Protein chains: 4
Amino acid sequence: MGVMRIGHINVRVLDMDAAVHHYENVLGLLRADQDEDGNIYLRGWDEWDKYSVILTPSDRAGMVHIAYKVESDADLDTLRQRIADYGVEVDELEPGALRDCGRSLRFHLPSGHLMYLYAEKTFVGKAVASTNPDPWPDGLKGAGVHWLDHALLMCELDPEKGVNKVAEATRFMEEVLDFKLTEQVLAGPDGDVQVATWLARSSTPHDIAFVGGPRMGLHHFAFFLDEWSDVLKSADVMAKNTVKIDVGPTRHGITRGATIYFFDPSGNRNETFCGLGYLAQPDMPVITWTEDQIGRGIFYHTGELNEAFTTVYTDGV
Amino acid sequence: MGVMRIGHINVRVLDMDAAVHHYENVLGLLRADQDEDGNIYLRGWDEWDKYSVILTPSDRAGMVHIAYKVESDADLDTLRQRIADYGVEVDELEPGALRDCGRSLRFHLPSGHLMYLYAEKTFVGKAVASTNPDPWPDGLKGAGVHWLDHALLMCELDPEKGVNKVAEATRFMEEVLDFKLTEQVLAGPDGDVQVATWLARSSTPHDIAFVGGPRMGLHHFAFFLDEWSDVLKSADVMAKNTVKIDVGPTRHGITRGATIYFFDPSGNRNETFCGLGYLAQPDMPVITWTEDQIGRGIFYHTGELNEAFTTVYTDGV
Amino acid sequence: MGVMRIGHINVRVLDMDAAVHHYENVLGLLRADQDEDGNIYLRGWDEWDKYSVILTPSDRAGMVHIAYKVESDADLDTLRQRIADYGVEVDELEPGALRDCGRSLRFHLPSGHLMYLYAEKTFVGKAVASTNPDPWPDGLKGAGVHWLDHALLMCELDPEKGVNKVAEATRFMEEVLDFKLTEQVLAGPDGDVQVATWLARSSTPHDIAFVGGPRMGLHHFAFFLDEWSDVLKSADVMAKNTVKIDVGPTRHGITRGATIYFFDPSGNRNETFCGLGYLAQPDMPVITWTEDQIGRGIFYHTGELNEAFTTVYTDGV
Amino acid sequence: MGVMRIGHINVRVLDMDAAVHHYENVLGLLRADQDEDGNIYLRGWDEWDKYSVILTPSDRAGMVHIAYKVESDADLDTLRQRIADYGVEVDELEPGALRDCGRSLRFHLPSGHLMYLYAEKTFVGKAVASTNPDPWPDGLKGAGVHWLDHALLMCELDPEKGVNKVAEATRFMEEVLDFKLTEQVLAGPDGDVQVATWLARSSTPHDIAFVGGPRMGLHHFAFFLDEWSDVLKSADVMAKNTVKIDVGPTRHGITRGATIYFFDPSGNRNETFCGLGYLAQPDMPVITWTEDQIGRGIFYHTGELNEAFTTVYTDGV
């Protein structure tokens, strides 16, 4: 009941050919569709719905919208009411407004990011079929990512002006969409400013995350790999394709994720990370990182926060 | 809302010293408690509730009961009603009837296995703490398993007599406890006999499983490891301790799990497996294995079903 | 100076199309050449000489010959003399007698196996080039094995009749070809019968091995993989291609190798194993396995010797 | 015949207690001995000679000497003559001059580094014994490194002044000690200045390496681990012990090694890397890296040369 997982992300790219090469041959997504406006739709081989990434041609990078899938159509009615009751303007769109999807809800998170909820998307099935499947399909390209796993959204944070969109977005996700807060960074003189949060609806450490910064934006969106050896392979693949690696291979203290970050040709940051990390559950105590350990929380091995990692990101609208 | 995960399993052991050595030093569980009846309580380092395994001294091996944790105390009322409405006798026990637990529901699955549901158990926290945690604790012993992950229960199956407790138990889990069927083996002349099932409440491929056999029993209970290198280490640890390895390292077709099976000193079968496998979701199509591919489904590499694997198991009551 | 490594193995196959498919698409060898007699030549992507496997069409499986490469042409003169002095008949063949090779020595090991030594083979270079190479090439197929690493030859052993070709072949390799004995199994009532040996010229645990059996033959020839995750991938690839897996994934006590064994379509046994294991050095003490621990030595995890593993093998002549 | 491998390295440390904690509990070396001058001797669990690291108390960090083990005592006579014939002053020291070693040769490399050769060192055996050994011992601490594998020595390089100690040291190792050049970086306007080299006597990619810099020194000494999962564990161990990680986990283009670098408490750089990489052989073509690809050669993933990595190092005398 309620939100199940991230359904797709819609990002802008500057050079569609370069972008398609990157997502298809380097990350290993499968091409699903394209529309009359030049948008390209892709999915991971382990996903069963038609697409999880929409690339939109543009003159600037960044996120157009992010969409989450809910369990049943009726959930949309319930959630529409809860969103409105929370004081957030919400529109209901007819089927097809999101290509290949049923009716959807459209609203802005308190952080300003545009979010959709939908209950139905055209089913195509995993690349390994549903009867006597192999554990992985033949013909995988590049890093061979399994699925779009989560996104990290940058939220305006200026404690001196009393602005903390991280906390606002987090509260919305918890109270309205029933996300579970799994980890948070608390900073400030009294250690009570929520400057970064990770939240889950599935049993994984995060289905969405928010981090504070000077302006709202898209920090990264992430794809799942099985294990650490796949992260090495992914890093090798990036090097072979001269994809700019931002960080890694390394491990996060937060979520325990082993990972690399890199940029698509338009400058949108991607992540390929591996493993479950831990079983996120409603009764698991929230994990809190204190300001003095942020470095270790983000980059567990060096314990040093790469400045660019928190300041370089693409637009959120 | 509803069932979250396996809470604990209570198994009988013949030699308590040997059993404790096995679960503590070989599997790497942490000793949590012992009671006046000689029961020993243990948990994995990545669990936050006090225990997940209860060892009960006995003159025969097998399972006493299995317990699942529900999200809220109110869920117990709802589920008590649903269980009773389904025609299954259910008792409500007062807090403490299950040591360190709040009130609980007790009933038998259609397969005859004794199950409890509870909403509260004494919280002790993970071995890595909740503030600025390391990804793993120092001082781990043996295989260093993270948590009790699931159990596979053997159910009486005799299609000629019209007995299929696999199907009955599965239907109960789906209809009453809202488990999601993730995978199944269909056999028989018409390919419609559900001879084995895997079901989940979390986003992992299984929180419980049922397989048909000549009598009800306990096939195995399983512990989580991060990845394939941990499975090799676990197998090495078993060899160093001359623990009898039943199967593996290998991969299952079903759940994609990479794994080893082995026996505790009393003959109860344990599993240490690794990885998420895939993200189980309510809308994921059920994966079906046909009778001719059972071998590949169970042991993906050889494709051959080890006879002992399906016929050797301990008691279920 | 002297022998460097295994140069190639020449095996017989029953169905050349099936064999080529197996070695090229499943193991991932690169096709190098074919000759007028229908022999097919292949090599691993990480080898720089033209070929390391010769497939010869035949009506029975097994080994035709095995060849080792020596460091310099002058070594052939020295070794020819030493072989002859040892009492073994040796022929010198002119360049080209072994396709694409310089002059060669031909002789039979005391076990009866036909061996060649040569100093030159046509150089083609690794698939990753010698200038600014990537760590692995694009377009690898199947298991993507690096190189032919070693072979295990079965030698006639009948202690009651005083026949021990293992010991004879071993002594020849040590005394004439300067191989280092790294590991051995000693059996028999007095624990002094050398029933299996592993020997090296490189710094790896074995470049050749001998095991006793009822008749001489070819037990297996093995290909190198980087690490344990590659062994899982290799096993998955065998399963996808319904290649018959004999054993594994598992670890040997002997050499510490993590491995799988399987059969080519003709019944010749292949191995893909991973890792260095340990650094074999002339001054490393010989590792000895006693008869009661043979099981653990061969299959470290189960400690049980699969009967077929030691009795099923193809011809050695 | 000739040099077999690195035998030990003698480094200076500022705080012996901190150093011993680092090498014993964090790297996981075994304490072997200490002498009247306060030197501490350690070895890896997979080594059979008594020690491979000597820690010498001092007020500055850096290397005192490096020692290689030769195969036989007679090799010392041969090599003494060859060294002298090359024009390098060489002393023969009596047994015990190097603690627990037989007679030794002492000389300076053309780069100025002090090197010893010896043929005998007190044998103690691997931690896993020589009869029926386990693949790894119980009770390993920290990263659990197997053995001291190689060292990288910084050599004075000033092409404008015609100073290239890299080339001089390399030529000496090749011509006098019969090392095989496996990889090199060629730079300069004509691409003919040998600014870095890797050389081997064993079948591994390097037993010693030289890199040019403003002054001679010790860049790092490295320990062997099995595979990539061990590198992650090593990095985790460093983080848990707040050891300063310099670089990694990452992969080198050169040698293909997957690795982390970090500093001991005195500032000496250590490496833990994994895997064989490739089989180094006398007939393998030398791998050459061109100046424009140095970044990729050193840090394959990012392709960017961390300035500190080549400029920060400890003394070589």
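The sulfur of D:Cys274 sits 11 Å from the closest cysteine sulfur, the one in C:Cys274, so the pair is too far apart for a bond. D:Cys274 is buried, at 9% relative accessibility. C:Cys155 is buried too, at 0%. Buried means under 20% relative accessible area, with a 1.4 Å probe and protein chains only.

A word on the source. This is a predicted model, where local features need pLDDT of at least 70 and side-chain atom pairs count only at pLDDT 80 or more, while totals for chains, interfaces and linings use all residues. Residues are numbered from 1 along each chain as its sequence is written, chains are lettered from A in the order in which they are written, and side-chain values use heavy atoms, without hydrogens and water.

Next, chains A and B. Each gives 46 residues to the contact, meaning heavy atoms within 4.5 Å. The buried area is about 4,000 Å², and carbon and sulfur atoms give 58% of that; buried area is the accessible area (1.4 Å probe) that two parts lose on being put together, summed over both. On the side of chain B, B:Asn132, B:Pro135 and B:Arg256 lose the most area to chain A, together 15% of what that side buries.

There are six salt bridges between chain B and chain A, each a side-chain nitrogen of Lys or Arg within 4 Å of a carboxyl oxygen of Asp or Glu. A:Asp283 forms one with B:Lys69, with the closest N and O atoms 2.6 Å apart.

Notes
Buried means under 20% relative accessible area, exposed over 50%, partly exposed in between (1.4 Å probe, protein chains only). A disulfide is a pair of cysteine sulfur atoms within 2.5 Å.
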